[in-house]
Amino acid sequence: MLLEVNDLNVFYGAIHALQGISFNLEEGEIVTLIGANGAGKSTFLKILASEIEPDQGTVSVGSRERIAVLNQDQFAFDEETVFNTVLMGH
C-alpha cells in the first residue's frame with residue numbers, strides 16, 4: 001500500500017468541503033485529481049501534505065513512502081532547471 005485514505009471529512013463552518021473520501025493507492029496505479037472550483041481538491045492536497053488536519057478520517061502512507069510538496073510559486077525556481085527543481089523534493 002502506498003496510500004490509504006479512509007472516510008475523510010472536512011468542514012469549513014457549515015460547508016462540508018470533503019465528505020466520506022476513501023480509497024487505496026497501490027504501487028503502479030496512477031491517479032488524477034479533477035473537479036470544479038471549490039470541489040475540495042486543494043483541501044485534499046493540504047491534508048496529504050499535513051498542512052491541515054481532517055475533521056474526521058485517516059490518511060496512512062506506506063512505511064517506505066513519503067509525500068513531498070512543491071508549492072505553486074512560478075518565480076521560486078527561475079534559476080533552476082526543471083530536473084533540479086524536482087530533485088529538491090528528495
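Buried means under 20% relative accessible area, exposed over 50%, and partly exposed in between, with a 1.4 Å probe and protein chains only. By that scale Glu4 is partly exposed, at 33% relative accessibility. Glu4 sits in strand β1.

**Model and confidence**

This is a predicted model, in which local features need pLDDT of at least 70 and side-chain atom pairs count only at pLDDT 80 or more, while totals for chains, interfaces and linings use all residues. Residues are numbered from 1 along each chain as its sequence is written, and side-chain values use heavy atoms, with hydrogens and water left out.

The predictor's confidence in each residue is pLDDT, from 0 to 100. The protein chain averages 91. A score of at least 70 is reached by 98% of the residues. Among the elements, strand β3 (residues 56-61) has the highest mean pLDDT, 97. Helix α2 (residues 82-87) has the lowest, 85.

**Fold**

The protein chain has two helices and three strands. Their order along the sequence is β-β-α-β-α. Helices (H or I, at least four residues) and strands (E, at least two) are DSSP runs, numbered from the N terminus. The C-alpha trace spans about 45 × 30 × 20 Å along its principal axes. Of the 90 residues in the protein chain, 18% are buried.

**Surface patches**

Patches are made of residues with over 30% relative accessible area and no salt bridge; like charges are joined within 9 Å, and nonpolar side chains (Val, Leu, Ile, Met, Phe, Trp, Tyr) within 5 Å. A salt bridge is a side-chain nitrogen of Lys or Arg within 4 Å of a carboxyl oxygen of Asp or Glu. Lys and Arg count as positive, Asp and Glu as negative; His and the chain ends are not counted. A charge is placed at NZ of Lys, CZ of Arg, CG of Asp or CD of Glu. Accessible areas come from the Shrake-Rupley method with a 1.4 Å probe, and for residues only the protein chains shown count as cover.

One patch is negative: Asp73, Asp78, Glu79 and Glu80 form it. Asp78 lies in the loop between β3 and α2.

Another patch is nonpolar. Val61, Ile67 and Val69 make it up, with about 220 Å² of accessible area together. Ile67 also belongs to the loop between β3 and α2. Ile67 is partly exposed, with a relative accessible area of 40%.

**Positive phi**

Asp7 is not a glycine, yet its phi is positive, at about 50 degrees. Asp7 is in strand β1 (residues 3-12) and is partly exposed at 30% relative accessibility. Ser50, likewise not a glycine, has a positive phi of about 60 degrees. Ser50 is in the loop between α1 (41-48) and β3. With a relative accessible area of 60%, Ser50 is exposed.

**Sequence and space**

| Pair | Apart in sequence | C-alpha to C-alpha |
|---|---|---|
| Leu2 and Phe83 | 81 residues | 24 Å |
| Glu4 and Gly62 | 58 residues | 8.1 Å |
| Arg66 and Leu3 | 63 residues | 9.5 Å |

Leu2 is in the segment before β1. Its relative accessible area is 24%, so Leu2 is partly exposed. Arg66 is found in the loop between β3 and α2. At 53% relative accessibility, Arg66 counts as exposed.
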